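Student: I would like to learn how to read a protein model. Could we go through one feature at a time?

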Amino acid sequence: MISGGFQDFLGNERIVTALRGALRTGRVPHALLFTGPRGVGKYTLARMFAQAANCERLHDDFCGECATCRRIALLADPQKLMEQGLVERGESADAATVERMPLILQTHPDVWALVPDPVRLKSPVTRPMLRIGQLRAVQRAAYFQPMGRRRVFILDGAETMRWDVANVFLKILEEPPGSTALILTAPSPYSLLPTIVSRCLQFHFAPLAQSAVEKILKEKTSRKPAEIKLAAQLAEGSPGLAIEMDVAASSEQRKNALGILEHAARGQGFAQLFADTSALAKDRESSFEDQIAVFYSLLTDLLELTSKITEPVLRNAPLAKELESLSKFIDSAWVLRAIRGFDELHAGARRNLNRQLGLDALAASLAPNSAQFAEPRS
C-alpha cells in the first residue's frame, strides 16, 4: 500500500509538525537525532521525511504517488533489502570484505538507509553494528550534489556505532554539507557520544497510548481482540513491536524473567537460578538488549508496587498476581539496586564483557543475604 503523506503517521504529532515546518521554510537541520523505544516509529518517520524532502509535487509533505516517493517508499521494508545486500556480498564474507562492501540500503540515488550490519545472513554475528565502512561511505557521498532537492542519510541504530569509529561520522557533522540531512535513530541520546548529540537537533518519540496501539493492530493485523489487547499491553506503546510480536513467546519470556527475579530475591534454588541465567545468556531468539528491556519493564512494575503508589498502572498486567506476591518480599531499595545492576550489565554488554558471568553476579547480589529480605514484609 502506498503511503499518502504524513497523516498516515500515528502519534507524536508535535514532531511531525516541526519537521513539516522545517521543510516549508527551507530551514532543514543538517543533523537530526530521533530517540525513543524500539517500534515507536523513528525509522518510519525518517523515511517519510526523506520522501517529503524530495517529493516532486509537494514541499512540506509527500504525495506517495510520484516516481520519487514510490522509490523511497521501498525503504519501508529494510529487512528485505538487508537480506538482498547480504546475499550479494556473500555468506563467507571476511572482515575486509565487510568493510570494502558496506551494507547500504538504497532505492533512490539521494536517499540511503544504513542499518546495523549482521555480517552474514545464515549465521549472523551476536551483535550487529554500524561499521566503519558504512560510515566512510556516507562521509564520501554526503558531499555529492543531490539529483533532486536534498540528500538524506538515515542511520538506524546509531547507538551500535563503536565510539572509536563514531569519530569518523563526527567529521561529517563538523563540516555539514548544505544540501544533506543526516537522521540518526537511537533509544536514548546517552547511548551516543556527547559530541555527536550536541551537533544534532533532538526529537524524542513518546510511546503511544494503548488504545492507539490497539487501533493500529486492528487495521494492520488479523489478530483476535484478546490477542490485540495483550500485544498492545506488552508492547508498552510501540506499535511496530506489537505488530511483529509473538505474543505467546513474549508472555513466556516475561514469565521466565520474573521467575529469575523471584529466585534471586528469595535466595531459593541457586542451581536452578544459574541454569536459568545460563539459558538467558545463550538465547539467540532475541537480542540481549531486548532481554534486559524485559527486566526493566518488570522492575518498573515492582518499583510502583513497592512504592505503594495508589492504583499502579502495571506494564505487565497479566503477571499482576505474581508481581504483587514478589513485592511482599522486597522493597524499593532492592528494586533500585536491581535496576543499577542491569544498567551495569547493559553497559558491559557494549564492551563485550561475559554476559553469563554478569548475570550470575547480578543474581547473587540480589539474594537475601545481600538484600536482607528473607521473610515477607508486613
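Predicted model: local features only at pLDDT ≥ 70, side-chain atom pairs only at ≥ 80, totals over all residues.

Student: Which residues make the contact?

Tutor: From α10 come Glu227, Leu230, Ala231 and Leu234, and from α12 come Val247, Ser250, Ser251 and Arg254. Sorted by class, the contact of α10 with α12 holds 4 nonpolar, 2 polar and 2 charged residues.

Student: How should I read the spacing of residues along a helix?

Tutor: An α-helix has 3.6 residues a turn, so residues three or four places apart point the same way.

Student: Which residues of α10 are buried?

Tutor: Helix α10 covers residues 225-235, and its buried residues are Ile228, Ala231, Ala232, Gln233, Leu234 and Ala235. Among the elements that cover them are α9 (210-220), α11 (239-244) and α12 (247-266). After α10 comes Glu236, with a positive phi near 50°.

Student: Is Val119 buried or exposed?

Tutor: The cut-off for buried is a relative accessible area under 20%. Val119 has 8%, so Val119 is buried. Asn12, at 10% relative accessibility, also counts as buried.

Student: What about Leu357, buried or exposed?

Tutor: Exposed means over 50%. Leu357 has a relative accessibility of 57% and therefore counts as exposed. Leu357 belongs to helix α17 (residues 355-365). Its C-alpha atom is 9.8 Å from that of Leu345, which is 12 residues away along the chain.

Student: How do α14 and α15 pack?

Tutor: Read the angle and the axis distance again. Helix α14 (residues 288-306) meets helix α15 (residues 320-327) at about 60°, and their axes are 9 Å apart. These two helices are therefore oblique to each other. In this case α14 passes α15 in a right-handed crossing. On the α14 side the contact uses Leu298, Asp301, Leu302, Leu305 and Thr306, and on the α15 side Leu323, Glu324, Leu326 and Ser327. The contact of α14 with α15 divides into 5 nonpolar, 2 polar and 2 charged residues.

Student: What does the protein look like as a whole?

Tutor: Start with the totals. The protein has 18 helices and 6 strands, and buried residues make up 50% of its 378 residues. Of the contacts between residues at least 6 apart in sequence, 70% join residues at least 24 apart.

Student: Where is confidence lowest and where is it highest?

Tutor: Average pLDDT over the protein is 84, and 89% of the residues score at least 70. Confidence is lowest in helix α18 (residues 368-371), with a mean of 55, and highest in strand β3 (residues 111-114), at 96. Over residues 371-378 pLDDT stays under 50, and there the model has 21 contacts beyond four places in sequence.

Notes: Residues numbered from 1 in each chain as written. Heavy atoms only, no water. Axes fitted to C-alpha atoms, helices over the stretch in contact; angles between N-to-C directions. Helix = DSSP H or I, 4+ residues; strand = E, 2+ residues; numbered from the N terminus. Parallel < 35°, antiparallel > 145°, perpendicular 65-115°, else oblique. Left-handed = near helix turned anticlockwise from the far one by under 90°. Contact = heavy atoms within 4.5 Å. Nonpolar A, V, L, I, M, F, W, Y, C, P; charged D, E, K, R; others polar. Buried < 20%, exposed > 50% of the residue type's maximum accessible area, 1.4 Å probe, protein only. pLDDT = per-residue confidence, 0-100.
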